[in-house]
Amino acid sequence: MTEPTVDGATVEVVHSHLVSAAEEMRAALVRTAFNPVIYEVYDFGISIYDRQLRLVAESTGLSRFLGANDYSIERGVEYVGRENLHPGDVVLLNYPYWNAAHSYDATLFAPVFLPGGEELIGFLCIRAHWMDLGAKDPGYVLDSTDMHQEGIIFPGTKVYARGKPVREIHELIRFNSRMPELVLGDLNAQIAALRTGERRVIEVYRQYGPAVVDAVVERVIAAAADSAHEAVAGLPQGSWTAEDWLDDDGVTGDPIRMRATVTIAGGTFTVDFTGSSPAVPGPVNLPLGATIATCRVAFKAVTTPTQQTNAGHFAPLRVRTEPGSLFHARYPAATFTQWTGTVALELIYQALAQGMPERLPASSGGDVPGFMMVGLHPDTGQMFAVSNNDPVGWGGTPHHDGIGPANHLCQTQARNTPVEVLEARTGMFFERVEIRTDSGGAGRFRGGCGLRRDIRFVTSGEFLSVIKKTKSAPWALAGGLRPDPNQVIVFPGTDREQRVSTRRTPVRVGDRVTLLTAGGGGHGDPRTRDPEAVRRDVAEGYVSAQAARELYGVIA
């Protein structure tokens, strides 16, 4: 059968309909989710696939989630079997080595059939963070040593079959969660979003016909692949290596080596993690799918950052790892604390900056300074576990200062949890949230500033700090200066004061914690910065008068 010829206008209209369907799924999820990490933070990824499991359209969310969806849906469909998928089915997958994430990032996917139920036209996928699914500890698991301490596992299990809920699975989830109302509420929110997407995709196929939509998909993916190959051909050719260290794995306290080599040659863009640490006892090991997703974020940013993403955009990308290593976790390695991927993204950019310094900024704050409080709410008596990822400064560029404080560059459209939500839903009271003077690395173009947050506890519970880069500073470029690294200070000003990184800390009423997030690295010699820019920085509180004199040579 000859494929129909579609003109450019039809391609744009049909593709826009599919992207719009993904955005409607996003709106449905945000409006119906129970968990602030979904409806406030946007800790999710939403994707639409064709019948060949090629990414066709996506909605804004965590960029590393969207890449992970591609990996996990292939494993999920393979496990369940296409012949076992029917109209109305929804499948749950959180097995970390297939799901490309930790066990609380629940992936739900559904086949889409044309009315009549015979012709499969595509798949929908939503990944979102659930707050509790039976792990050994409430909230985040920071010191697990194998997968089985990290919650109940679903390798590809139907939660809806032919349009009806599978009661036994819903009850299994309910009885394995400390917060079942939240978890089941979020499950149903994901179902609602999948049903929204299903209706919209079917409408597109009905309006234009399967032959036209399929031809549009082929055109869009082929055009994306051409764009990606053209972009790679225009990049500097060569091979560059960078190394960095994680603070520890949460169990042994030993620093963990990361190594990435980026090679651009022969029309391909290869990221090779050979030489990184073997898998470690604690939960910082990355499943292969999560590693691939991290590489996709970096690759897309330097090739086709302004284009709507589909499967074709990653055609030139290759990822190499050593099975059983930090970046290729295998059963039963612990994988819950996924901050390794955040630091690895900076590592890839650090390697690339050696070959294309005019295109890359200095390092951002180097990590996502996460925190969470777990306890019983005094008003309801119900358990809570509410988290936040604090902003950092972004690195100075060859042309302008870094922004900050802002969410880490790995989080794309994700947001911080509002103070009002954190105070209402937990036992934390925020005495101070302010930009940190002198926290950005000095340079001709300085790094953006980090944040200071002072917390006082008005109820007892546990405070969880999740951060993996407090012992080594973010990197600078072209003679710029490094900023101080992130810091977490528990019980400041008391005889119990201690600087920690990833830690579960019991707290009582009146206890305090101070969080200091890192600024970005500087770019260029600080002595070449425009003196008027330095004086303006001092006036606005980004730089102190002392730093202006000592680092920039400017009297302000």
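This is a conversation about how some labels given to a predicted model follow from its values.

Biologist: Let's start with charges. What makes Arg 200 and Glu 24 a salt bridge?

Modeller: The closest N and O atoms of Arg 200 and Glu 24 are 2.8 Å apart. The cut-off is within 4 Å, so the pair qualifies.

Biologist: Why do you say that this pair ties together parts that are apart in sequence?

Modeller: Glu 24 belongs to helix α1 (residues 8-32) and Arg 200 to helix α6 (residues 180-208), so the bridge joins parts 176 residues apart in sequence.

Biologist: And why is Arg 200 called partly exposed?

Modeller: Its relative accessibility is 25%. Buried means under 20% and exposed over 50%, so a value in between is called partly exposed. Glu 24, at 29%, gets that label too.

Biologist: How do you know whether Arg 452 and Asp 454 are buried or partly exposed?

Modeller: Here the two partners part ways. Arg 452 has 26% relative accessibility and counts as partly exposed. Asp 454 has 9%, which is under 20%, so Asp 454 is buried. The two form a salt bridge, with the closest N and O atoms 3.1 Å apart.

Biologist: What makes Arg 504 and Glu 462 a link between distant parts of the chain?

Modeller: First, the bridge itself: their closest N and O atoms are 2.9 Å apart. Arg 504 sits in strand β19 (residues 503-507) and Glu 462 in strand β16 (residues 461-466), 42 residues apart. Glu 462 has 23% relative accessibility, so this residue counts as partly exposed.

Biologist: How many salt bridges are there in the whole structure?

Modeller: The search finds 33. Some are joined up: Asp 401, Arg 446, Arg 529 and Asp 537 are linked in a network of salt bridges.

Biologist: Now the nonpolar side. Which residues have the most contacts inside the largest nonpolar core?

Modeller: They are Trp 130, Ile 173, Ile 264, Phe 269 and Leu 352, in a core of 115 residues. Helix α6 gives the most to this core, with 12 residues. A second, separate core has 18 residues, including Val 490, Phe 491, Val 500 and Leu 515.

Biologist: What is Phe 269 in contact with, leaving aside its neighbours within four places in sequence?

Modeller: Among its contacts are Val 232, Leu 235, Ile 264, Phe 299, Pro 316 and Leu 352. Arg 318 is also one of them.

Biologist: How far is Ile 126 from Ala 193 in sequence and in space?

Modeller: They are 67 residues apart in sequence and 8.1 Å apart in space, C-alpha to C-alpha.

Biologist: One last residue. What makes the pairing of Thr 470 and Asp 247 a polar contact?

Modeller: The distance between their side chains is 2.5 Å.

Biologist: Where does Thr 470 lie, and is Thr 470 buried or exposed?

Modeller: Thr 470 lies in the loop between β16 and β17 (487-490). With a relative accessible area of 9%, under the 20% cut-off, Thr 470 is buried. Not counting residues up to four places away, Thr 470 touches Asp 247, Pro 485, Asn 486, Gln 487, Val 500 and Ser 501.

Notes:
Residues numbered from 1 in each chain as written. Predicted model: local features only at pLDDT ≥ 70, side-chain atom pairs only at ≥ 80, totals over all residues. Heavy atoms only, no water. Salt bridge = Lys/Arg side-chain N within 4 Å of Asp/Glu carboxyl O. Helix = DSSP H or I, 4+ residues; strand = E, 2+ residues; numbered from the N terminus. Buried < 20%, exposed > 50% of the residue type's maximum accessible area, 1.4 Å probe, protein only. Core = buried A, V, L, I, M, F, W, Y, C linked by side-chain atoms within 4.5 Å. Contact = heavy atoms within 4.5 Å. Polar contact = N/O pair within 3.5 Å; in protein donor to acceptor, adjacent residues only side chain to side chain.
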